[in-house]
Amino acid sequence: MRPQLGIFALIAFLATISAPLNAPSITQVLAQTSESRKVEAERLLEQGIQQIDNRQLDKALQSIQQALTIYRELKDRQGEGTALANLASIYYWVQQYSQSIDFQQQSLAIAREIADRPLEAKNLRQLGSTYSALGQHPQAIEYLQQSLTLAREIKNSKSEAAALGMLALAYQKIGDYQKAIDSWQQALPIFQQLKERRAEGAALTSIGSYYQLLENYPEARKFFQQGLVVAQELKDRSSQQVILALLGHVHESLAEYSQSIDKYQQSLVLAREMGESAIEVEILNNLGGIYANLSKYQEAIEYYQQSLTIAKKINARQSEAGILSNLGTVYKNLNDSSQAIRYYQQSLAVSEEVNSQESALEIREKRKLFAQTILNLGNIHQEGGNSDQAKEYYQQSLKIAQEINDRDLQADILNFWGILSYQNLGDYRQASEYYQQSLALAKQNNNKRGEAKAIGNLGLVYNSMGEYDKAINYFQQDLAISREIKNKRGEAIALNNLGLTFMRAGKLSEAETYLKNGIEVLESVRTGLGRNDANKVSLFEDQVSTYRNLQQVLLAQNKIEAALEIAERGRARAFVELLASRLSEASVQATLTSPNINKIKEIAKLQNATLVEYSIVYEDIDAIGKSSQSQTSEIYIWVVKPTGEIAFRKVNLKSLRQQKKSSLEELVVSSRESIGVRGRGLGVEAKVPGSQAKQGFKELHELLIKPIADLLPKDPNARVIFIPQSELFLVPFPALQDASGKYLIEQHTILTAPSIQVLDLTNQQQQLVGTRSSTSVQNQDVLIVGNPTMPRVPEKIGDPPTQLPSLPGAEREALAIAPLFKTKAFTGSEATKAAILQQIPTARIIHLATHGLLDDIRGLGSAIALAPSGNDNGLLTAEEILDLRFNAELVVLSACDTGRGRITGDGVIGLSRSLMSAGVPSVIVSLWQVPDAPTASLMTEFYQNLQKTPDKAAALRSAMLSTMKQHPNPKDWGAFTLIGEAE
């Protein structure tokens with residue numbers, strides 16, 4: 001649901017210029033005549049006018065009818081005409097339009113008879129307004145035009161402005177928004193001349209509303225902002241609230257998400273101050289919609305649930321049904337079909353329960369929501385491959401949309417029906433017919449977004465059929481409309497699809513141009529998010545396909561280095577911008593420009609490491625974030641040596657899919673699951689025999705390492721930094737095995753990083769905190785934590801909290817490490833969250849041996865378990881860490897799953913990312929739930945090694961090799977990875 005457009009303008013306008021026609025004053029009458037009957041008529045008329053102002057319409061009707069009777073007895077045509085006009089106003093207010101018109105016509109005849117041109121102008125204006133209320137808009141416009149002409153002839157500015165305003169409203173009702181804008185634009189200088197600020201604000205807001213309906217969002221924003229200034233000057237909180245909500249919607253449409261959220265939040269504050277619960281419901285729902293569009297589903301759910309609670313409290317049943325439907329859509333996007341269906345069914349049930357005593361408009365809105373919810377159910381079944389059930393739901397939804405004559409909804413349904421025919425059934429002809437029908441309906445309703453959507457879908461169909469010229473023509477039309485209505489996301493999708501089509505047609509130069517243009521658009525949208533990292537992450541997750549498509553085009557032209565630049569440009573951008581902004585605050589020069597090939601070579605030399613960057617290619621990426629077949633088809637691998645030499649290799653994954661009936665993602669997951677460890681200290685053994693568990697790591701070595709093995713350094717002490725993507729973030733590179741059974745950690749010193757540019761920034765972080773390679777670390781500089789008194793947490797949402805199990809091995813680990821630095825470890829009840837937070841700002845090395853909690857939905861809920869105290873729950877979350885400032889050069893999270901989180905197009909959102917953002921250049925984290933005793937041994941060995949060498953990567957490698965001798969299964973030593981700086 002969106003803020004209603006034009007309501008503020010209409011009410012304010014009518015309040016300003018549509019007051020009842022005043023009678024001559026009693027003083028004037030007494031001066032002119034002593035007839036008591038005429039004095040009584042004037043008194044009754046004035047009394048009736050006051051009663052109209054107070055909305056005492058029954059009393060007003062009685063007063064003015066008595067006045068009319070006297071005027072007619074006295075044959076006072078002026079008084080009679082005035083009384084008739086005011087009677088017409090009363091019948092207008094009570095929606096008895098035929099009687100209102102009758103009185104207006106009588107008053108108009110008298111005004112013309114006695115040449116009272118102001119009264120004539122008012123009657124013509126009232127007739128126009130009444131015919132407009134009856135839906136007879138051409139006749140309404142004719143009367144209003146006559147009124148306008150007359151007002152200009154007699155130079156009555158207020159009457160002229162009134163006619164222009166009512167003309168604007170009439171044009172709005174017939175959908176001629178440009179003429180409505182023109183009318184208000186003519187009225188604006190008159191309001192300004194008359195110093196009618198309230199009417200001026202109404203006009204500005206109405207113009208903004210019409211531009212919004214025309215999808216000209218920059219102009220809408222400009223006029224809403226001007227209207228907001230007026231409302232603020234008048235201290236009109238109600239108008240401010242509405243305009244702020246309208247601005248929120250405009251900013252959202254322009255992909256200016258931070259500004260949108262800010263405006264909605266301001267509007268929400270005003271709504272709450274005024275006790276407007278119904279408005280609060282709508283704004284919270286709108287905020288949920290923004291976060292859902294940003295793929296920030298947890299936040300979306302929170303806002304929807306807040307909105308739902310209030311809607312239930314005030315018995316706003318129709319709003320309740322809409323919110324439930326929105327919740328269903330969020331869970332659908334989370335791939336939780338059962339939960340989505342549950343919410344959709346609740347929405348349908350509430351819709352059916354809504355009281356039938358509603359206006360026709362309310363019934364129509366209820367039916368529309370009902371149809372939309374059925375459509376959503378159809379979409380779930382379509383995505384799940386249940387085509388027959390989806391088709392049935394689409395038919396039901398379309399029937400309702402046709403019954404209520406909602407052409408926009410019909411167009412949407414036909415679009416989805418086309419997707420069903422195109423993707424599920426492979427029936428391109430039928431899909432094309434549905435899209436053409438959708439396009440025709442969108443054009444009839446002047447729905448530019450719907451028109452662009454249908455045209456783009458037609459392009460996809462012809463693309464799939466290999467009719468590239470037709471596809472390009474449709475995508476060009478899609479692009480033109482998206483640019484016309486300033487739909488940046490639509491523009492980027494059209495450019496991506498044009499690039500993909502030209503690539504398939506073998507026109508690589510054109511493909512490269514369009515894809516580069518698409519990237520420029522995407523990056524301009526991301527820039528509009530300001531410094532909001534979370535929103536940038538969610539947006540970037542939808543944008544990676546354009547970067548991948550451009551890599552394919554460049555590589556097809558043998559532009560290996562240019563493709564590497566794009567691969568780097570298309571990863572961890574929000575993370576890079578966050579790191580750079582933090583470094584800039586610390587007076588360290590940081591650049592937001594994606595590195596060119598010379599900078600990439602410089603970073604490899606500076607790191608004194610071989611960089612290995614992976615890029616995963618998917619089949620048929622024909623829209624941003626969407627794929628008709630989401631199978632991985634190839635892996636691109638670039639190897640950048642410290643000498644500056646760059647090599648490229650490509651791995652085809654078709655054999656994996658065809659022969660082994662598996663995908664890269666399934667192989668990664670099954671290899672990890674074969675490790676079989678549930679949690680640190682829980683002592684769960686591997687689910688499969690060791691030899692079988694190792695097989696998955698051998699297959700991953702075959703795909704990821706063997707193709708580049710000849711390019712990697714021969715010296716095992718030389719560093720190799722892997723830059724993964726997507727599911728490869730879950731790969732334990734040290735544990736990968738070659739055909740002879742040798743682990744990769746035995747052959748190389750290994751690190752990882754989210755991107756090459758992140759390495760440049762962590763190097764700057766390292767300079768900032770100062771290296772300690774030449775001096776010993778003092779005891780006050782080291783923070784060691786082991787086995788805190790564990791907090792209570794629920795195993796899953798909705799479960800009662802239970803205490804996490806104690807980790808005696810973690811305590812032994814901490815007690816063994818602390819003496820190396822001549823310090824005391826924090827253990828048990830001493831290791832409270834409050835105490836640790838006090839130590840963090842001065843610590844140069846931080847070691848936390850405890851439980852790690854994984855949040856792979858939102859990422860920022862991932863946490864380190866510390867002892868609770870006071871009002872805190874003992875959990876130090878990634879979200880909290882993001883707001884801290886560390887001075888540590890190394891943080892070791894000796895806990896479960898601390899290297900995991902929510903995998904996005906921007907990398908892994910979790911503890912490691914938050915720590916690096918908070919200023920830590922080197923982080924050691926785990927990729928699975930590590931066993932207690934082997935981990936304690938490995939970590940003790942690591943710090944002993946670190947006493948001998950400043951090279952953290954070398955120290956970790958040596959600890960792994962040592963632990964491997966006692967605990968040969970990779971589950972016991974292979975989980976940890978060093979992210980960032982080696983020294």
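## A walk through the predicted chain

Of the 983 residues in the protein chain, 58% count as buried, where buried means under 20% relative accessible area, exposed means over 50%, and partly exposed lies in between (1.4 Å probe, protein chains only). This is a predicted model, in which local features need pLDDT of at least 70 and side-chain atom pairs count only at pLDDT 80 or more, while totals for chains, interfaces and linings use all residues. Residues are numbered from 1 along each chain as its sequence is written, and side-chain values use heavy atoms, with hydrogens and water left out.

Let us begin with the overall layout. The secondary structure comes to 42 helices and 18 strands; helices (H or I, at least four residues) and strands (E, at least two) are DSSP runs, numbered from the N terminus. Among contacts between residues at least 6 apart in sequence, 67% join residues at least 24 apart, a contact being heavy atoms within 4.5 Å.

The contact includes L84, L87 and Y91 of α5 and F103, Q104 and I110 of α6. Its residues divide into nine nonpolar, six polar and three charged. Here Ala, Val, Leu, Ile, Met, Phe, Trp, Tyr, Cys and Pro count as nonpolar, Asp, Glu, Lys and Arg as charged, and the others, Gly among them, as polar.

The loop between α5 and α6 holds Q95, which has a positive phi of about 65° although it is not a glycine. At 58% relative accessibility, Q95 counts as exposed. K155 also has a positive phi, of about 55°, and is not a glycine. K155 sits in the loop between α8 (137–153) and α9 (157–173) and is exposed, at 72% relative accessibility. For background, most residues other than glycine have a negative phi.

Now for the charged side chains. The structure holds 39 salt bridges, each a side-chain nitrogen of Lys or Arg within 4 Å of a carboxyl oxygen of Asp or Glu. One of them joins E219 and K222, at 3.3 Å from N to O. Both residues lie in helix α12 (residues 217–233), three residues apart, about one turn of the helix. E219 is partly exposed at 24% relative accessibility, and K222 is partly exposed at 37%.

E491 and R483 form another salt bridge, their closest N and O atoms being 3.0 Å apart. In this pair E491 is buried, at 10% relative accessibility, whereas R483 is partly exposed, at 40%.

D951 and R719 meet in a salt bridge too, at 3.1 Å from N to O. This pair links distant parts of the chain, 232 residues apart: D951 is in the loop between α41 (932–948) and α42 (952–966), and R719 is in strand β4 (residues 719–723). Both D951 and R719 are buried. Elsewhere, salt bridges that share partners join R72, R77, E80 and E113 into one network.

Finally, helix α42 contains T963, which is buried with a relative accessible area of 1%. Leaving aside residues up to four places away in sequence, T963 touches P934, S937, L938, D972 and W973.
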